[in-house]
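Please keep the sequence and the model open while reading.

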Amino acid sequence: MHDKKPFFMRDHWQYSPADRPGPGPDAGLGFDTRALHTGFRPLRDVGKFRSFVTPIAQSMTYPYERFDQFPDFIYGRSKTPTVSVLEERLAALEGGEGAVTGSSGSQSLFSLIFTLARPGDNVVTSLNIFGEGYKQAASIFPQRTGVEFRFVSDPADPEAWDALVDGRTRLVWVETPSNPCLFVTDIAAVAEVAHTRGVPLLVDNTIATPALQQPLALGADIVLLSITKFICGNASVIGGAIVGPEALCEDIRWNTQEFVGAVMQPLEAWLVLQFLETLSLRMERHSHNAQAVAEFLAAHPKVTHVNYPGLPGHPQYALAQRQMKAPGGLLSFVVPGGMRGAAAVMDSLQLVIHAVTFGTSRTICMHPATITHEHMTPQERAIAGIDDGLIRLSVGLENAEDIIADLDQALSKL
Ligand SMILES: Cc1ncc(COP(=O)(O)O)c(C=O)c1O
């Protein structure tokens with residue numbers, strides 16, 4: 001008979017700065033090779049299906065061979081085979097020991113914090129975070145679980161992070177570059193602060209993706225990915241992942257998947273495996289187009305400000321050059337006239353689509369002050385740089401001239 005499983009919340013993982021896990025699957029292979037091969041090799045993992053493409057196990061239950069067996073896969077509320085291939089591949093791309101996917105990036109963040117923090121504990125972060133992350137930090141966790149969130153006043157200053165950490169801090173959480181103002185935080189510097197205090201560092205790598213930024217190699221312990229964005233790349237899938245120590249991933253699997261069902265489905269995982277094959281090519285082209293669009297906007301007389309880490313005027317330009325392989329596909333810019341100005345430009349766009357997401361092959365615009373960051377107070381939005389005239393632009397894979405021409409005609413309406 002197999003051992004009886006623990007019934008209560010699992011927290012086997014204890015952070016220890018001295019005990020960094022190994023680099024994860026296929027660490028000896030290059031990034032693009034891992035994006036294509038890790039987790040499924042046709043000649044090694046053939047099974048019954050002699051398939052070139054990773055097969056989909058679109059099944060929610062997995063038969064036992066014997067009464068006393070404890071199989072790897074049992075039930076769709078925990079681990080399933082196609083999702084496991086994706087998890088292995090994401091771990092390989094981030095250089096992490098393990099990964100656990102989820103039904104969205106927001107849910108992956110929730111599951112991580114729910115697993116790490118108990119009532120009375122705290123998490124240190126900044127206001128440079130995505131909207132749902134802010135809502136979890138400002139409302140859901142403090143109001144329902146008694147976990148406190150502390151927002152650093154100046155995320156560019158490592159001492160400001162240090163000042164908020166105390167004996168009950170369970171996690172330091174950095175989003176870099178950040179949504180929607182592309183603030184860039186020094187991962188190595190904040191990692192040093194967190195580690196000195198014996199606390200793990202989470203980096204949200206959704207905007208750069210592992211193709212452009214490797215937070216674990218820079219000192220972070222855990223990575224959050226919204227798969228929904230550039231990892232998927234075309235707005236067909238919602239999903240998320242935590243990459244980090246395998247014991248932590250197992251804790252999350254146990255606490256919020258096995259017991260709660262916060263899982264990614266096999267078909268979604270299979271789709272994401274196909275999209276990952278072109279991740280680094282796409283990120284190169286997104287960056288190339290975004291650079292051209294950012295330069296056009298920065299020179300435009302109707303644009304008062306542009307946030308893009310690839311512009312020399314960006315306050316953390318030198319850091320971004322050091323920390324990222326390329327500046328990525330997301331930018332934001334401010335037009336005069338506040339919300340009315342933003343509405344005039346967005347309603348005049350003909351090629352660029354007004355929709356709530358980013359990281360898609362098609363260029364998308366969105367108004368953060370009313371859509372994603374509407375629950376921040378006006379003072380918090382001011383600290384985060386979210387002006388009423390701010391428009392977030394996710395630059396797609398079209399020909400850059402066509403994106404620029406559309407923006408030019410829309411800006412001329414102001
Ligand atoms: C930086 C960042 N991380 C995480 C998420 C959460 O992603 P999801 O939409 O998959 O919940 C978002 C969503 O906007 C985001 O912008």
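Two strands count as paired if DSSP finds at least two bridges between them. By that rule, strand β4 (residues 169-175) and strand β5 (residues 201-204) pair, because four bridges join them. These two strands run parallel. Note that this is a predicted model. The points below go through its sheets, helices, ligand shell and backbone details.

**The seven-stranded sheet**

- Seven strands form an open sheet with mixed pairing. Their order is β1-β7-β6-β5-β4-β2-β3.
- The edges belong to β1 (98-102) and β3. Each has a single partner strand, so one side of each is left without a neighbour in the sheet.
- On average, neighbouring strands of this sheet are turned by 20° against each other, direction ignored.
- Within the sheet, β4 and β5 are joined by four bridges. Glu175 has Asp204 in β5 as its bridge partner.
- Strand β2 (residues 122-125) pairs with strand β3 (residues 148-151) in the parallel sense. Four bridges make up this pairing.
- Asn122 stands opposite Glu148 in β3.

**The five-stranded sheet**

- A further open sheet has five strands, in the order β8-β9-β12-β11-β10. Its pairing is mixed.
- Here β8 (305-307) and β10 (353-354) stand at the edges. Both have a single partner strand, so one side of each lacks a neighbour in the sheet.
- β10 pairs with strand β11 (residues 364-366) in the parallel sense, over two bridges.
- His354 stands opposite Cys365 in β11.

**A helix crossing**

- Two packed helices are described by the angle between their axes and the distance between the axes.
- For helix α3 (residues 105-116) and helix α9 (residues 246-258), the axes come within 9 Å. They cross at roughly 100°.
- Angles of 65 to 115 degrees count as roughly perpendicular, so α3 is roughly perpendicular to α9.
- On the α3 side, the contact involves Ser111, Leu112, Phe114 and Thr115. On the α9 side, Asp251, Ile252, Asn255 and Thr256 meet them.
- The residues of this contact divide into three nonpolar, four polar and one charged.

**Around the ligand**

- Which residues come nearest to the ligand? They are Ser104, Gly105, Ser106, Phe130 and Ser226, out of 14 residues around it.
- The residues of the shell divide into three nonpolar, eight polar and three charged.

**Backbone details**

- A cis peptide bond links Thr176 to Pro177, with omega about -15°. Pro177 lies in the loop between β4 and α6 (187-196).
- Another cis peptide bond links Asn179 to Pro180, with omega about 5°. Pro180 is also in the loop between β4 and α6.
- Asp26 is not a glycine, yet has a positive phi of about 55°. Asp26 sits in the segment before α1 (31-37).

Notes
Residues are numbered from 1 along each chain as its sequence is written. This is a predicted model: local features need pLDDT of at least 70, side-chain atom pairs count only at pLDDT 80 or more; totals for chains, interfaces and linings use all residues. Axes are lines fitted to C-alpha atoms, for helices over the stretch in contact, and angles run from 0 to 180 degrees between N-to-C directions. Angles under 35 degrees count as roughly parallel, over 145 as roughly antiparallel, 65 to 115 as roughly perpendicular and the rest as oblique. Two residues are in contact if their C-beta atoms, placed from the backbone, lie within 7 Å. Ala, Val, Leu, Ile, Met, Phe, Trp, Tyr, Cys and Pro count as nonpolar, Asp, Glu, Lys and Arg as charged, and the others, Gly among them, as polar. A residue is near a molecule or strand if its C-beta atom, placed from the backbone, lies within 6 Å of it.
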